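Hi,

Here is the structure I said I would pass on.

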Amino acid sequence: MEPLIVANWKENKTIQDSVVWVNQTRADLEKTDQVEVVVCPSFTSLPSLATLLQGSPVKVGAQTVSDQTEGAFTGEVSAKMLKGLVTHCIIGHSERRRHYGEREEQVGKKVENLVNEGIIPILCISDLEQLDNYLASNQSFKEHSEKIVFVYEPPSAISGGGDFHPESPEEASKNAGLISEKIGQKVMTLYGGSVSEADVDLFLKQEFLQGVLVGKASLEPAEFVALVKKASTAVI
Ligand code: PGA
């Protein structure tokens with residue numbers, strides 16, 4: 001299976017910035033066909049990128065979704081609204097939990113809503129204790145585990161975080177392997193946290209890692225293209 005590289009732009013880039021980024025990276029990303037790339041911009045840029053990348057192997061994802069299906073939920077965007085625009089959607093990111101108070105049961109509902117619309121959830125797990133809480137509070141992770149891309153992403157490894165401690169590729173792989181163990185079957189697991197061109201290949205060579213979630217190093221077109229090219233060297 002091709003490794004998956006997910007670009008998480010977070011709260012960065014206007015529509016125009018996003019289009020410029022795609023125009024500057026597209027040819028190189030499409031040439032690097034040993035890896036699969038998903039770009040996750042803000043909601044505002046989704047329609048433009050979905051149109052620009054129609055028919056391209058480079059996919060488009062969202063960064064969050066509503067835990068509701070529709071109705072009086074001001075500001076929310078449902079999975080049904082995302083259908084047709086995205087193939088993937090990041091959920092449960094530690095920044096959403098920390099800054100916006102997202103809880104286990106909401107993330108569980110997001111999994112259900114996305115799966116029902118045929119969108120692949122990219123589910124971030126900060127640590128194994130959190131996964132235990134998820135598993136105790138809802139069944140959707142186990143039920144849909146084959147349709148979910150799990151991401152092991154310790155908050156302390158995310159670039160720009162206060163208590164900064166990136167994990168080694170070996171440590172990250174070991175913890176990612178424990179996610180499959182707790183789910184009860186082998187699940188697709190990525191690693192996230194300050195991955196860069198310098199170490200992406202080391203993460204991708206690990207037994208229990210099938211890709212990476214990249215924040216800061218995905219923002220500059222040249223830096224991200226270099227990372228993706230380096231990632232392709234890890235594929236045997
Ligand atoms: P980072 O972000 O690569 O900048 O550490 C990763 C993430 O938070 O998804």
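I'll start with Lys-13, which at 22% relative accessibility counts as partly exposed (buried means under 20% relative accessible area, exposed over 50%, partly exposed in between, with a 1.4 Å probe and protein chains only). Lys-13 sits in the loop between strand E1 (4–8) and helix H1 (15–31); helices (H or I, at least four residues) and strands (E, at least two) are DSSP runs, numbered from the N terminus. Lys-13 is not a glycine, yet its phi is positive, about 80°.

Before going further, some housekeeping. This is a predicted model, so local features need pLDDT of at least 70 and side-chain atom pairs count only at pLDDT 80 or more, while totals for chains, interfaces and linings use all residues. Residues are numbered from 1 along each chain as its sequence is written, and side-chain values use heavy atoms, with hydrogens and water left out.

You'll find Ser-194 in the loop between strand E7 (188–192) and H9, and it is partly exposed at 25% relative accessibility.

Ser-194 also brings us to the ligand. What surrounds the ligand? The residues near it (a heavy atom within 4 Å) are Asn-8, Lys-10, His-93, Glu-153, Ile-158, Ser-159, Gly-193, Ser-194, Leu-213, Val-214, Gly-215 and Lys-216.

- Ser-159 uses a polar side-chain atom, 2.4 Å from a ligand oxygen.
- Ser-194 has a polar backbone atom 2.8 Å from an oxygen atom of the ligand.
- Gly-215 likewise has a polar backbone atom 2.8 Å from an oxygen atom of the ligand.

On its own the ligand has 280 Å² of accessible area, and the protein covers 99% of that (Shrake-Rupley method with a 1.4 Å probe; for residues, only the protein chains shown count as cover).

Now the salt bridges. Taking a side-chain nitrogen of Lys or Arg within 4 Å of a carboxyl oxygen of Asp or Glu, the count comes to 12. One of them joins Lys-59 to Glu-36, with the closest N and O atoms 2.6 Å apart. That pair links distant parts of the chain, since Lys-59 is in strand E3 (residues 59–62) and Glu-36 in strand E2 (residues 36–40), 23 residues apart. Lys-59 is partly exposed, at 26% relative accessible area, and so is Glu-36, at 21%.

Glu-102 and Lys-110 form another salt bridge, 2.8 Å from N to O, and both residues are buried. Between Glu-105 and Arg-103 the closest N and O atoms are 3.5 Å apart; here Glu-105 is partly exposed at 41% and Arg-103 is partly exposed at 43%. There is also a network of salt bridges linking Asp-28, Lys-31 and Lys-229.

Helix H5 (residues 104–116) has 13 residues and should span 18 Å at 1.5 Å a residue; its end C-alpha atoms are 19 Å apart, which agrees. The expected span is 1.5 Å times one less than the number of residues. Among the buried residues of H5 are Val-107, Lys-110, Val-111 and Leu-114. Their cover includes strand E4 (88–91), strand E5 (120–125) and helix H6 (128–137). Just after H5, Gly-118 has a positive phi of about 75°.

Helix H8 (residues 169–183) has 15 residues and reaches 21 Å from first C-alpha to last, close to the 21 Å expected. Its buried residues include Ala-172, Ala-176, Ile-179 and Ile-183, and E5, H6 and E7 are among the elements that cover the buried residues of H8.

Last, Gln-210: buried or exposed? Gln-210 is buried, at 16% relative accessible area, and it lies in the loop between helix H9 (200–204) and strand E8 (211–214). A polar atom of its side chain is 2.7 Å from the backbone nitrogen of Thr-189. Leaving aside neighbours within four places in sequence, the contacts of Gln-210 (heavy atoms within 4.5 Å) include Glu-2, Pro-3, Leu-4, Met-188 and Leu-204.

Cheers

Note on methods
Polar contact = N/O pair within 3.5 Å; in protein donor to acceptor, adjacent residues only side chain to side chain.
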